[in-house]
Amino acid sequence: ESGVACDWFSPRWDVVGEKSMIGRAVGLSSGDAASRAWTFSSMVLRPAGIAASIGALGDIAAQTVEHHYIDEDGPGELDNARTARLVAFRALQGPLMDAAWRYFDARFAPLSPARRVLAKVASDQLLLMPPFTFLFFCSQAALDGSWHLARAVACLPETLLFQFAYWPLAHTFTFGVVPTRFRLMWFSSAAVIANAYLSIVNERSARRGRRSLAGDDDRPIPATYPAYD
């Protein structure tokens, strides 16, 4: 397994071509059809399926808790559209996160165990978490038909602070305790809490936007679009 990771994510990979990281991901590597199918399945379909399935179950559980303990209107029906939007995002995020972590495995392999974990956690938080958080809000707004850049940007400060507090501890287990083959399952399970919080902020933002446009559907959302009640 370590040989595959180092070959896949050598710092000297080609950008395109059958031997590149992208080429391996889409099944362009040399070998028979079965080998290419296995590569595509293990590098793309498996992480996408794990992230999407756990994300779906987690969002259903999160909505149930929200309806009983948070929603002012009391228990209501599950928002299947919200779950579907989250599943789409997690299915895209899963393979990309898995690929980035495999690269971290190869890049930081020479370090001592403690420094290796610290380097992976820091790299994840500085290089992966902020853009994925921004993409989360962009994707959810685009998929529910209420896309506006200011809405995504306005949601970032609160949610980034929460995640900078939450993920370093969780990822200490991700990179220091959990076996490699199980770490995406662990991450997806831990992400249930983070995703629930992001979804609450996103829903709050969407409701505020709908109220600001009530009675005038053609009026654009202002540049200073508020994210919070």
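**Exercise 1. Find the angle and the axis distance at which α4 and α5 pack, and name their relative direction.**

Step 1. Helix α4 covers residues 80–107 and helix α5 covers residues 113–143; helices here are DSSP runs of H or I with at least four residues, strands are runs of E with at least two, and both are numbered from the N terminus. This is a predicted model, in which local features need pLDDT of at least 70 and side-chain atom pairs count only at pLDDT 80 or more, while totals for chains, interfaces and linings use all residues. Residues are numbered from 1 along each chain as its sequence is written, and side-chain values use heavy atoms, with hydrogens and water left out.

Step 2. The packing angle of α4 and α5 is about 160 degrees, and their axes are 10 Å apart. Axes are lines fitted to C-alpha atoms, for helices over the stretch in contact, and angles run from 0 to 180 degrees between N-to-C directions.

Step 3. α4 and α5 are therefore roughly antiparallel (under 35 degrees counts as roughly parallel, over 145 as roughly antiparallel, 65 to 115 as roughly perpendicular, the rest as oblique).

Step 4. Now for the residues that touch (contact means heavy atoms within 4.5 Å). Among those meeting across this pair are Arg82, Leu86, Phe89 and Trp101 in α4, and Asp124, Leu128, Phe132 and Phe136 in α5. By class, the contact of α4 with α5 holds 13 nonpolar, 4 polar and 5 charged residues (Ala, Val, Leu, Ile, Met, Phe, Trp, Tyr, Cys and Pro are nonpolar; Asp, Glu, Lys and Arg are charged; the others, Gly among them, are polar).

**Exercise 2. Describe the largest nonpolar core and the surroundings of Trp101.**

Step 1. The largest nonpolar core has 32 residues; such a core is a set of buried Ala, Val, Leu, Ile, Met, Phe, Trp, Tyr and Cys residues joined through side-chain atoms within 4.5 Å. Trp101, Leu128, Phe137 and Trp167 have the most contacts inside this core.

Step 2. Two or more core residues come from each of α4, α5, α7 (156–176) and α8. α5 gives the largest share, 9 residues.

Step 3. Setting aside neighbours within four places in sequence, Trp101 contacts Asp124, Leu128, His171, Thr174, Phe175, Arg183, Leu184 and Phe187.

**Exercise 3. Classify Ser199 and Arg204 as buried, partly exposed or exposed.**

Step 1. Ser199 is in helix α8 (residues 183–212), and Arg204 lies in α8.

Step 2. Ser199 counts as buried because its relative accessibility is 6% (buried is under 20% relative accessible area, exposed over 50%, partly exposed in between, with a 1.4 Å probe and protein chains only). Arg204, at 24%, counts as partly exposed.

Step 3. Not counting residues up to four places away in sequence, Ser199 touches Asp59, Arg82 and Phe136.

**Exercise 4. Summarise the whole chain.**

Step 1. The chain has 8 helices and 0 strands.

Step 2. Of its 229 residues, 44% count as buried.
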